[in-house]
Protein chains: 2
Amino acid sequence: MNEYYIIKESALRDFTENVFRSMGCSDKHSTLAADVLLKADLRGIDSHGVARLTGYVRLWEKGRVNAKPDIKIVHETPSTATIDGDAGLGLVVAPFAMKIAIEKAKNAGSGWIAIKNSNHFGIAGYHALMAVEQDMIGFAVTNASPLVAPTFSTERMLGTNPICYAFPAGKYPPFITDMATSTAANGKLEIAQRKGTDVPTGWIQDKNGNTTTNPHGLKEGGSLLPLGSDREHGSHKGFGLSATVDILSAVLSGASYGPWAPPFVAFINPLPDQPGQGLGHFLGAMRVDGFRPVDEFKSHMDNWIDRFKQATPINPDQRVVIPGEPEYEAEIERRKNGIPLIDVVVNDLNEVAEKFGIEKLN
Amino acid sequence: MNEYYIIKESALRDFTENVFRSMGCSDKHSTLAADVLLKADLRGIDSHGVARLTGYVRLWEKGRVNAKPDIKIVHETPSTATIDGDAGLGLVVAPFAMKIAIEKAKNAGSGWIAIKNSNHFGIAGYHALMAVEQDMIGFAVTNASPLVAPTFSTERMLGTNPICYAFPAGKYPPFITDMATSTAANGKLEIAQRKGTDVPTGWIQDKNGNTTTNPHGLKEGGSLLPLGSDREHGSHKGFGLSATVDILSAVLSGASYGPWAPPFVAFINPLPDQPGQGLGHFLGAMRVDGFRPVDEFKSHMDNWIDRFKQATPINPDQRVVIPGEPEYEAEIERRKNGIPLIDVVVNDLNEVAEKFGIEKLN
């Protein structure tokens with residue numbers, strides 16, 4: 001098993017900013033990109049935090065990430081816009097786009113932004129929560145490396161394509177659902193691989209389309225399964241959601257979709273004959289007071305949360321979990337006590353530090 | 001087993017309009033409400049068509065449906081609005097709201113409407129497809145009678161809360177995903193009950209929270225399970241989606257949410273101390289050309305659909321199903337050949353006809 005290092009937030013933040021600066025990102029972009037990654041680590045979504053930093057560096061080395069992007073609006077109406085990310089880090093492009101969504105929402109009630117020519121944007125929740133801070137409802141989806149097979153197929157056609165909705169509450173933290181549209185995310189397979197344990201049936205299928213408990217099944221030509229796992233349990237719904245995310249993010253924006261979505265791992269080249277540019281995202285913000293007064297809404301959100309917390313539990317030791325609450329609690333704890341990183345991740349990061357000639361993590 | 005009657009579309013439409021007129025609905029509302037119900041029958045979504053007509057009548061008899069509603073906008077911005085349905089049929093209130101969403105989208109790029117004080121709105125797809133006809137993207141969600149338990153709970157807190165996204169395509173029919181956020185919808189249980197067969201594990205749990213294959217489990221105090229079925233297979237995601245639908249539809253609009261959502265069956269009274277008014281919906285329309293030219297979008301949608309149709313199948317006899325295609329094909333077939341209705345439904349409808357003194361179905 002792995003060893004863990006506990007790294008203070010400020011140290012990890014400084015380190016991460018240094019890496020982005022070493023890639024040639026501006027100070028402003030380095031700070032922002034580090035903030036997005038750190039948010040994942042702070043919220044306990046370890047698969048999407050600094051564990052991915054070396055992946056971004058390798059994409060930049062391959063010339064697939066532009067460290068000095070000229071991000072711009074290429075099309076717009078009062079409540080919609082399309083943005084060209086100029087192959088920049090999604091960590092920078094997506095917050096740029098969400099700011100525009102929020103501005104549009106201030107003026108028109110809502111703002112919806114399709115983004116093309118981008119890269120992996122970190123956790124969807126970061127972007128959706130930007131809207132919540134303005135008493136808006138936040139929405140964020142993105143397409144991603146093709147790893148998921150549609151129902152009835154063996155072919156990897158879709159990413160784990162997350163959907164995120166975030167709502168402000170009153171006395172409670174924001175309600176936020178931020179979920180891959182596959183049954184299990186890739187990060188969970190990696191944990192099973194490291195532990196050498198089987199995975200549950202219904203997470204992956206082998207290259208012939210049979211469900212398998214082999215945690216290496218994906219590497220051996222298999223694919224992740226859409227939420228629902230099989231047709232009988234609604235995998236066509238997971239497929240429909242994932243496809244919707246792909247269409248909003250890429251067909252609508254002019255990014256590459258389906259099996260053409262550029263892979264996050266730098267050693268796999270994007271397919272030839274790309275139908276669009278880079279990865280795509282789709283972000284939205286709606287003013288709560290575009291529908292009802294903010295105080296009213298928040299008080300009913302609190303009532304909703306109170307009632308769901310009181311739902312009769314199956315087991316009295318495990319009550320209903322309000323989406324977003326565990327991550328909120330993790331953030332408080334990790335800001336105080338530091339962020340646990342496994343040795344593999346720390347070693348990878350220190351190799352990057354060595355390459356760039358910057359200070360190591362420990 | 002049941003006998004089937006094949007009823008011509010025009011006969012079923014006339015009959016349905018007559019029933020709504022007998023309830024006191026205006027000619028215009030009767031035509032519209034019948035159109036929404038017929039759309040479900042034509043598209044093969046039998047559980048949401050005229051099979052529900054007697055349910056609407058019973059709600060009206062209980063005074064829970066207002067046949068002459070004064071539907072109005074109570075709050076708005078250029079791209080958002082809240083509508084009070086005045087306890088009207090959702091079949092009438094939702095299309096009224098979608099028309100406003102489309103108007104707002106024409107002017108501001110997108111339109112988003114929260115609706116309170118409504119009733120069951122039929123299939124979500126009807127409303128979303130109204131936007132598609134205008135080269136817009138359609139979105140429709142609604143909360144519903146509480147039948148679904150959150151992950152870790154035995155309590156029915158949420159409806160089957162559907163999510164629908166619809167996109168126009170070029171040479172292909174619209175891509176439309178219209179799905180309950182539970183693993184199985186109630187209609188599928190009813191089919192198993194009629195056939196006397198077990199249901200798969202993962203569809204329902206008994207009153208103690210154990211999965212059961214008893215198709216009567218729901219009636220015996222159990223509950224439907226969120227998409228994903230159990231925690232290991234992502235039921236917290238299905239719960240998160242269902243909760244999102246509840247919040248958008250009801251907390252945002254001022255309708256009743258969670259366990260307070262008024263039941264569709266007239267013999268169960270709504271809970272006391274309602275936190276809002278009636279059922280809620282949330283509808284949206286976004287102009288495709290708010291993001292990119294319509295022709296470009298449609299040509300990439302066709303390319304997306306072509307590519308997914310060619311995805312390597314597990315079994316060559318069952319290729320990937322494009323969401324919305326089976327329903328589109330059913331509609332062509334049923335418009336031509338008529339709509340199959342089981343004898344139970346026909347008998348129910350003829351009882352209503354007798355009560356109202358209108359012509360029977362056959």
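User: Hi! What share of the 362 residues of chain A counts as buried?
Analyst: Hello! In chain A, 65% of the 362 residues are buried, meaning under 20% relative accessible area with a 1.4 Å probe, protein chains only. This is a predicted model, where local features need pLDDT of at least 70, side-chain atom pairs count only at pLDDT 80 or more, and totals for chains, interfaces and linings use all residues. Residues are numbered from 1 along each chain as its sequence is written, chains are lettered from A and ligands numbered from 1 in the order written, and side-chain values use heavy atoms, without hydrogens and water.
User: Thanks. How many helices and strands does chain A have?
Analyst: Chain A has 10 helices and 12 strands, taken as DSSP runs (H or I, at least four residues, for helices; E, at least two, for strands). Its radius of gyration, over C-alpha atoms, is 20 Å, close to the 21 Å from the globule rule for 362 residues, so chain A is as compact as a globular protein of that length. That rule is 2.2 Å times the number of residues to the power 0.38.
User: And what does the C-alpha trace of chain A span along its principal axes?
Analyst: About 50 × 50 × 45 Å.
User: Switching topic: what rotation superposes chain B on chain A?
Analyst: One of 180 degrees, with 0.0 Å of shift along its axis and an RMSD of 0.0 Å, by least squares on C-alpha atoms of residues with pLDDT of at least 70 in both copies. That is the relation of a two-fold axis.
User: Which C-alpha of chain B is nearest the axis?
Analyst: That of B:Gly228, 2.4 Å from the axis.

Note on methods. Buried < 20%, exposed > 50% of the residue type's maximum accessible area, 1.4 Å probe, protein only.
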